[in-house]
Amino acid sequence: MGRREGTAYNRTLPTREAGESSIILGDALDVLKGIPASTFRCCVTSPPYWGLRDYGVSPQIGSEHNLEEYIGKLKDIFREVFRLLTDDGTLWLNLGDSYTSGNRTWRHTDRKNPARAMTYRPPTPGGLKPKDLIGVPWRVAFALQEAGWYLRSDIIWYKPNCQPESVKDRPTRAHEYLFLFSKSEKYFYDYEAVLEKSNCNGSHRNRRTVWEVNTEAFPEAHFATFPPKLIEPCIMAGSQKGDKILDPFLGSGTVGEVCLGLKRKFVGIEIKEEYVQLARKRLGWEPIQ
């Protein structure tokens, strides 16, 4: 998404001043603990997936050898997110799944996706077998539901241009999950803002739970990035102009870019300085000196 006429872009260094958008370099849990309660109307985020990427920074979520530890860390982070949302706030959480490693301890470089190379692989979780689909998104979703979140919808992100796979004994994966959680039984959801075209007479209908969105590469990013078209309906349904949005795993800054384009404010947290600089460059902000 490019800049839009009339959009105000913050060109200052990171700040927590009221009313300002900001990118904060640091560990998500530590930073979240320092933010006042009820600061955000909405959270849209995609944490690192378990056992699929090595981001080259310590500590990094997703590198745990134990699946329960990974889920536990996400529960801790989203417990803080729960505190930081307004009572009518929502959480939109994107997570991808993976298969057991068969107890292989590393993964070779993928020529098409170098970031997939890993010097470690987590062992097969207890109760699972080699080649099992782990079900990570649903395990996390149920853990958050048990922790007090309302699990309101599972949305299928269908990726028509998904990466090819060399497997011959199962279908190629072409989807991920996007979960809608709410903090309370009644919450803000602007269904009119995200109506979709029906197949009849050009009329509109309530948005369905399968969203067809192509993946998008972002220059200089060697990791998977959020496509703006996936984020836009989340922000449009979950907030109003002027609201503040949270992304505790900012990455290349797509959530921030979409927020500014839709006249929302945002706070993004990112643990790796390289990605912070990339996000700031994407938004036209000055680099951190």
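This report walks through a surface patch, a pocket and some salt bridges in a predicted model.

## Ground rules

Local features need pLDDT of at least 70 and side-chain atom pairs count only at pLDDT 80 or more, while totals for chains, interfaces and linings use all residues. Numbering starts from 1 along each chain as its sequence is written, and side-chain values use heavy atoms, with hydrogens and water left out.

Let's start with Tyr189, which sits in the loop between strand 5 (175-182) and strand 6 (196-197); strands here are DSSP runs of E, at least two residues, numbered from the N terminus. Tyr189 has 31% relative accessibility, so it counts as partly exposed (buried is under 20%, exposed over 50%, partly exposed in between, with a 1.4 Å probe and protein chains only).

Strand 4 (residues 150-158) gives the largest share of the lining, 3 residues.

## Salt bridges

The whole structure has 15 salt bridges (a side-chain nitrogen of Lys or Arg within 4 Å of a carboxyl oxygen of Asp or Glu). One of them pairs Lys73 with Glu64 at 3.2 Å, N to O. Glu64 is buried, at 3% relative accessible area, whereas Lys73 is partly exposed at 29%.

Elsewhere, Arg41, Asp88 and Asp243 are linked in a salt-bridge network.

Key: Helix = DSSP H or I, 4+ residues; strand = E, 2+ residues; numbered from the N terminus.
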